[in-house]
Amino acid sequence: MTAPATAPAPVPEPGAAPSRRPRTGPRWPVRLAAAVLAALGLAVLLVPPLVQLDQQLVDLRSAGLPPSFEHPLGTDQVGRDVLLRSVYGLRVSFLVGLVAALVSMVIGGLVGLAAGSLGGVPDRLIMRVVDGFTSVPHLLFGIFIVAMFSPSPVAVVVSVGVTHWTTAARIVRSEVLSLRSRPFVEAAISGGAGRLRVVRRHLAPHLAPHLLLATVLMVPHAIWHETALSFLGLGLPAHLASLGNMINDGQRSLLAGDWWSSLVPGLFILVPTLAVAVLGQHWRDRLNPRLRSELSL
Amino acid sequence: MLEAREITVRYGRQAALDRLSFTLEPGRTTGLGGPSGCGKSTLARVLSLMLRPASGTVTVDGRTVRGWRQRAPRELRTRVALVYQQPRLAVDPRLTLAEIIAEPSAAAGRADPDRAAALAAETGLTRDLLTRRPHEVSDGQLQRACVARALSLEPRYLICDEMTTMLDASTQAHLVAVVEAYRERSGAGVLAVSHDDVLLSRWAHRTVRFDRP
């Protein structure tokens with residue numbers, strides 16, 4: 001969130017020590033997002049070892065129970081605890097989302113690095129391939145890929161990784177093109193550095209924070225895709241506690257008034273996504289020194 | 001001899017250099033003056049093999065240059081060293097001054113910390129400065145490191161593109177003295193690019209003036 005454009009800039013008191021860190025807006029959303037992510041992270045790490053979940057268990061006597069002391073967020077239509085399954089589902093989604101984001105970033109990073117550092121005809125050829133991939137609706141392409149496998153986490157990772165590398169490729173390529181024209185890279189080339197050394201010594205260290213940020217922002221996106229594919233019955237196996245499977249199951253009992261069995265897994269997707277987006281925006285502001293210096297004026 | 005023949009460089013439709021010929025002799029300092037935007041820095045980049053001209057040829061000691069930037073043979077690239085006007089843009093902000101000075105030797109696979117330390121001392125950098133990063137030193141100290149880096153591979157030709165423009169008088173005098181000492185010792189050719197006519201008249205053996213294109 002930024003201050004209104006008409007608001008006067010705060011004037012430091014004469015003689016006051018300059019602030020070490022320029023303010024880039026209210027800090028509470030960042031702290032709240034970090035706290036939410038930390039809590040969810042601890043939950044997915046600590047709950048599964050402490051409370052075992054039988055993925056195949058069906059208890060029809062407890063089916064469709066509303067939130068209570070015994071089941072804080074109710075049970076689904078076959079009597080499974082929604083909170084426990086949501087935590088297990090989030091763990092699977094986090095894992096699949098993280099690996100899929102890493103796969104897409106590695107593919108995209110290498111393609112972007114090759115395009116940006118080779119330049120000329122190879123760059124143009126590579127970018128036309130990127131355009132080709134981008135022109136295909138990636139959810140449809142993802143469904144096509146995942147349909148070739150039986151439902152499994154690996155199929156989802158391959159599907160998301162293969163359809164989402166183009167963003168990373170564009171980010172890396174544009175950053176490499178910008179870096180290549182900087183005098184310090186020119187000085188390295190003039191000093192005899194070969195292509196590999198320039199990439200390793202001067203380009204990669206400058207690209208790493210941008211690529212890391214893109215990976216972090218890709219994780220919730222990958223989770224959304226995993227959820228969408230599972231919701232369509234193409235992602236993770238139906239018995240496995242995954243957020244997409246839970247929403248898919250829950251929608252059938254929605255008309256019977258069991259709102260919790262869809263809402264809870266939905267919130268488990270939405271809340272971490274928003275938290276990552278807030279942290280990612282904050283990180284992006286800190287990464288961009290130009291924006292930082294403008295904000296500190 | 002570093003020679004540019006009939007060089008034309010265009011930025012879009014604007015010709016920065018139009019069929020220009022220029023010669024830099026070894027062992028002598030040639031001044032290059034002229035107003036801003038007349039193509040001095042463009043010629044410096046062409047002569048250092050970092051900018052491919054639209055037409056014309058560049059020869060380094062009789063060898064015609066066929067590729068530019070990384071496509072130029074390493075041995076030709078390192079014969080010509082360039083010192084930039086703005087040292088802050090010319091160094092990797094992540095590296096320490098010692099790493100900046102040693103970078104060309106390390107790229108050549110023969111890192112020599114003693115040689116880097118000697119060059120640092122020659123350009124007036126004290127030991128405590130060598131562990132600092134660019135944002136922790138002044139422009140003058142950074143330019144000293146850039147001159148040390150340029151000299152580290154003992155280039156046959158040294159191009160100083162407005163090297164002293166941003167510096168105070170004492171740093172200016174010291175760096176010019178370092179470059180002149182290197183020229184006398186090694187017999188290298190020096191191209192001093194500047195819009196300061198007084199400096200060029202005292203520094204260069206001969207001065208070429210460019211007018212606006």
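Reader: How many residues of chain B are in contact with chain A?

Author: This is a predicted model, in which local features need pLDDT of at least 70 and side-chain atom pairs pLDDT 80 or more, while totals for chains, interfaces and linings use all residues. Residues are numbered from 1 along each chain as its sequence is written, with chains lettered from A and ligands numbered from 1 in the order written. Chain A contributes 15 residues to the contact (C-beta atoms, placed from the backbone, within 7 Å), and from chain B the number is 21.

Reader: Which element gives the most to the side of chain B that touches chain A?

Author: At least two residues each come from α2 (74-77), β6 (80-83) and α3 (97-107) of chain B, where helices (H or I, at least four residues) and strands (E, at least two) are DSSP runs numbered from the N terminus. With three residues, the element that gives the most is α3(B).

Reader: At what angle do helices α4 and α5 of chain A pack?

Author: Helix α4 of chain A covers residues 138-146 and helix α5 of chain A covers residues 153-163. Among the residues that make their contact are A:F141 and A:I145 of α4(A), together with A:V156 and A:V160 of α5(A). Their axes (lines fitted to C-alpha atoms over the stretch in contact, with angles from 0 to 180 degrees between N-to-C directions) lie 9 Å apart, and the angle is about 140 degrees.

Reader: Which residues does B:C160 contact beyond its neighbours within four places in sequence?

Author: Once those neighbours are left aside, the contacts of B:C160 include B:V83 and B:V179.

Terms used: Two residues are in contact if their C-beta atoms, placed from the backbone, lie within 7 Å.
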